[in-house]
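Please look through the sequence and the structure shown here before reading on.

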Amino acid sequence: MLNLDAIQQRILAEVADLHEVPAGAYNFRVNSKLAGRHTTANIDIISKDNGSGIDIFIKPNTKNESVHIPVVVSATGIKETVYNDFFIGDNCDVVIVAGCGIDNCGSHDAEHDGIHRFYVGKNSKVKYVEKHYGSGDGTGKRILNPVTEVYMEEGSSMEMEMEQIKGVDSTDRMTIAELKDDARLVVKERLMTHGTQFAKSGYQVNLNGKNSTADVVSRSVARDTSNQTFNARITGNAPCSGHTECDSIIMDEGKILAIPSLEANNVDAMLVHEAAIGKIAGDQLIKLMTLGLTEAEAEEQIINGFLR
Amino acid sequence: MLELKNISFTVGEDAERKTIIRDLSLTIENGKFVVITGPNGSGKSTLARIIMGIEQPCEGKILFDGQDITALNITERAKLGISFALQQPVRFKGIRVHDLMQIAAGKKLSINDACDYLSEVGLCARDYIDREINSSLSGGELKRIEIATLLARKTKLSVFDEPEAGIDLWSFQNLIRIFENMRNEIKDSSIVIISHQERILNIADEIVLLVNGKIKKTGTAEKILPELVGTSAAVDACERLK
């Protein structure tokens with residue numbers, strides 16, 4: 001059974017919406033150690049021989065099952081790189097919840113770099129939810145540098161929700177996807193930085209198969225003196241369609257660099273990109289204030305809605 | 001009761017200075033339905049924005065139920081019981097119709113409660129409650145949602161800036177019915193509408209004709225309207241399409 005202290009439980013609730021042990025398969029990693037694991041008839045979790053991470057095997061035709069693999073770092077000075085590989089058989093329909101929370105009350109940096117690789121079988125449907133969260137009032141930085149690789153077989157689909165709203169000092173994330181015929185990728189990224197935080201998010205999506213589609217949408221808010229870079233590239237190597245959108249609210253003395261880019265190597269590749277950066281519109285604040293909210297409350301409602 | 005006393009409002013500086021409202025005084029009695037009309041550029045919208053606190057007058061005083069509210073900001077006036085429907089409603093990414101209705105009502109609203117307000121403005125709650133107030137909504141839909149937020153607020157003074165703009169003819173009759181219901185439902189409530197639609201002027205208790213930032217005439221609809229018909233201060237719906 002799990003034996004977590006109050007801080008660890010709180011982080012778990014933040015990153016995985018977990019208040020108790022979840023149904024289905026799970027693997028909890030707390031301060032670089034295995035804290036709990038459960039497998040099911042269809043989902044197996046095996047530690048890698050060299051101790052660098054885990055392999056998750058999902059049998060073909062597994063439907064309506066979930067895997068939770070949250071990570072909690074609550075000790076200062078930890079620096080770890082973890083490799084988690086997901087092998088998802090054909091015709092599955094599964095939900096995968098990952099997430100990492102760091103609580104750093106100490107003076108040393110705490111860093112977790114998760115490298116997730118997904119091999120999605122033919123006609124499988126995967127929903128992937130990843131939340132990053134930081135807390136703690138120490139001077140040590142909270143650092144998360146995730147790499148996500150997605151390899152999608154014919155007819156598969158993957159929906160990724162990636163959220164980092166609070167408390168992560170520095171993040172440099174990269175997502176790479178390779179899509180075969182009729183594969184479909186939807187990415188919804190939500191990012192908010194404050195204080196002196198830095199966040200970089202990059203995407204390289206390769207539409208290699210006929211009728212493959214990708215939709216990469218990022219919404220972000222940069223407050224205080226924080227700094228963000230969004231760099232998304234969609235490459236169309238076949239008759240395919242791709243769309244990337246980066247929509248940002250800039251506040252205070254924040255800085256945002258948006259670099260959406262497209263590469264077409266096939267005459268039937270249809271690719272679109274959009275990017276917009278702007279402060280909160282004055283008339284939005286006015287409207288909510290006429291409904292009785294203060295300016296600060298209005299701002300909060302606008303940002304909450306935007307990052308929904 | 002709302003009292004505007006010697007209100008002036010100017011924009012620009014020095015040689016560029018332009019007076020929008022000049023030494024204007026006006027009283028909106030409780031329970032009254034007042035339509036402010038006038039040609040384009042006469043200062044109607046500015047006056048509405050001054051009442052809500054969006055613009056600050058450079059001279060004059062505003063009293064609401066006897067309290068001096070000249071120095072109060074938008075939020076404070078909203079909390080005292082003034083609400084305002086914008087001429088051009090605002091879009092919000094991610095905020096849903098249900099969220100906005102709840103903010104307006106100042107409390108949680110069930111789907112049924114929200115339905116009461118939305119059906120009043122001719123929208124089916126089931127279709128709209130979870131819609132984002134973004135560019136997927138048409139100008140007419142936004143305008144109706146804007147009016148629904150005022151229905152949910154139930155304030156003593158409601159100011160509408162050209163509520164009929166962008167609303168089709170079918171809902172025009174409903175719009176008038178909405179104003180009448182509002183008056184009946186909220187005790188001592190008054191409604192101020194900025195409009196030059198003859199049909200709205202027709203149902204006013206009082207018409208205020210604004211020209212060049214000054215009140216040129218004021219009086220009952222029976223008295224004022226015959227003089228206005230045919231001028232740009234009172235046009236019928238089709239006239240605007242010509």
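## A walk through two chains

Asp23(B) lies in strand β2 (residues 18-28) of chain B, where helices (H or I, at least four residues) and strands (E, at least two) are DSSP runs, numbered from the N terminus. The model is a predicted one, in which local features need pLDDT of at least 70 and side-chain atom pairs count only at pLDDT 80 or more, while totals for chains, interfaces and linings use all residues. Residues are numbered from 1 along each chain as its sequence is written, and chains are lettered from A and ligands numbered from 1 in the order in which they are written.

**Confidence.** The term pLDDT stands for the predictor's confidence in each residue, from 0 to 100. Chain A has a mean pLDDT of 92, and 99% of its residues reach 70 or more. Among the elements of chain A, the lowest mean pLDDT, 79, belongs to helix α1 (residues 6-16), and the highest, 97, to strand β11 (residues 147-152).

Most residues other than glycine have a negative phi. Asp23(B), with a phi near 40°, has a positive value in a residue other than glycine. Asp23(B) is also partly exposed, because 14 other C-beta atoms lie within 10 Å; a residue is buried if 20 or more other C-beta atoms, placed from the backbone, lie within 10 Å of its own, exposed if 12 or fewer, and partly exposed in between. In chain A, Asn123(A) has a positive phi of about 60° although it is not a glycine. Asn123(A) is found in the loop between β8 (110-120) and β9 of chain A, and it is partly exposed because 17 other C-beta atoms lie within 10 Å.

**The open sheet of chain A.** In chain A, 10 strands form an open sheet with mixed pairing, in the order β2-β1-β5-β7-β9-β12-β14-β16-β18-β20; two strands pair if DSSP finds at least two bridges between them. β2 (33-38) and β20 (269-278) of chain A stand at the edges, each with a single partner strand, so one side of each has no neighbour in the sheet. From one strand to the next, the twist averages 5°. Inside this order, strand β9 (residues 125-135) and strand β12 (residues 157-166) of chain A run parallel and are joined by 9 bridges, and Lys131(A) stands opposite Glu163(A) in β12(A). Helix α1(A) lies across β1 (25-30), β5 (63-73), β7 (93-103) and β9 of chain A, and it runs at about 135° to β7(A).

Ile250(A) lies in strand β18 (residues 240-250) of chain A and counts as partly exposed because it has 18 C-beta neighbours inside 10 Å. Leaving aside its neighbours within four places in sequence, Ile250(A) is in contact with Ala222(A), Ile256(A), Ile277(A), Gly278(A) and Lys279(A), contact being a case where C-beta atoms, placed from the backbone, lie within 7 Å. Ile250(A) and Ala238(A) are 12 residues apart in sequence, yet they lie 36 Å apart in space, C-alpha to C-alpha.

**Two helix pairs.** Two packed helices are described by the angle between their axes and the distance between the axes. Axes are lines fitted to C-alpha atoms, for helices over the stretch in contact, and angles run from 0 to 180 degrees between N-to-C directions.

| Helix pair | Axes come within | Crossing angle |
|---|---|---|
| α2 (residues 282-290) and α3 (residues 295-306) of chain A | 9 Å | roughly 115° |
| α3 (residues 97-105) and α6 (residues 139-153) of chain B | 7 Å | roughly 35° |

The contact of α2(A) with α3(A) has 5 nonpolar, 2 polar and 2 charged residues, whereas that of α3(B) with α6(B) has 8 nonpolar, 1 polar and 1 charged. Here Ala, Val, Leu, Ile, Met, Phe, Trp, Tyr, Cys and Pro count as nonpolar, Asp, Glu, Lys and Arg as charged, and the others, Gly among them, as polar.

**Where the chains meet.** The contact takes 16 residues from chain A and 20 residues from chain B. On the side of chain A that touches chain B, α2(A) gives the most, with 7 residues.

**An enclosed helix.** In helix α1 (residues 44-52) of chain B, 8 of the 9 residues are buried, so the helix is largely enclosed by the rest of the structure. Gly53(B), whose phi is positive, near 95°, follows α1(B).

Note on methods. Two residues are in contact if their C-beta atoms, placed from the backbone, lie within 7 Å.
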